[in-house]
Amino acid sequence: VVFYLNGVRHVVPPDSSHTMLSEYLRLACRMTGTKEMCRVGDCGVCTVLVGRPTPETIVYTPIDSCIAPVFL
């Protein structure tokens with residue numbers, strides 16, 4: 001899995017691709033501003049924006065990172 005986080009390219013090895021995004025951001029990237037509370041996607045504390053490129057622009061979607069694996 002390859003993705004960009006704040007303009008920096010991240011390559012996630014296959015054995016870590018099923019890790020929850022919030023855990024990856026906090027532990028591997030040391031971005032502790034991403035909080036975890038309920039860990040089931042109910043509270044929204046862990047919400048992050050995921051940008052997906054289109055031919056014209058980038059479309060951003062908020063997701064609960066505690067229930068989204070890195071490969072998503």
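Reply: This is a predicted model, where local features need pLDDT of at least 70, side-chain atom pairs count only at pLDDT 80 or more, and totals for chains, interfaces and linings use all residues. Residues are numbered from 1 along each chain as its sequence is written, and side-chain values use heavy atoms, with hydrogens and water left out.

The largest pocket holds about 580 Å³ of space. A pocket here is an open set of points on a 1 Å grid over the protein atoms alone, where a 1.4 Å probe fits, with protein on both sides within 12 Å along at least five of seven lines; lining residues have an atom within 4 Å of a point. The volume is the space filled by probe spheres set on the points, which are joined across faces, edges and corners.

The lining has 23 residues, and Phe-3, Tyr-4, Leu-49, Val-50 and Gly-51 are the closest to the centre. Two or more lining residues come from each of β1 (2-5), α1 (21-28), β3 (47-53) and β4 (58-64). These are DSSP runs numbered from the N terminus: helices (H or I, at least four residues) and strands (E, at least two). β3 gives the largest share, 6 residues.

By type, the lining divides into 19 nonpolar, 3 polar and 1 charged. Ala, Val, Leu, Ile, Met, Phe, Trp, Tyr, Cys and Pro count as nonpolar; Asp, Glu, Lys and Arg as charged; the others, Gly among them, as polar.
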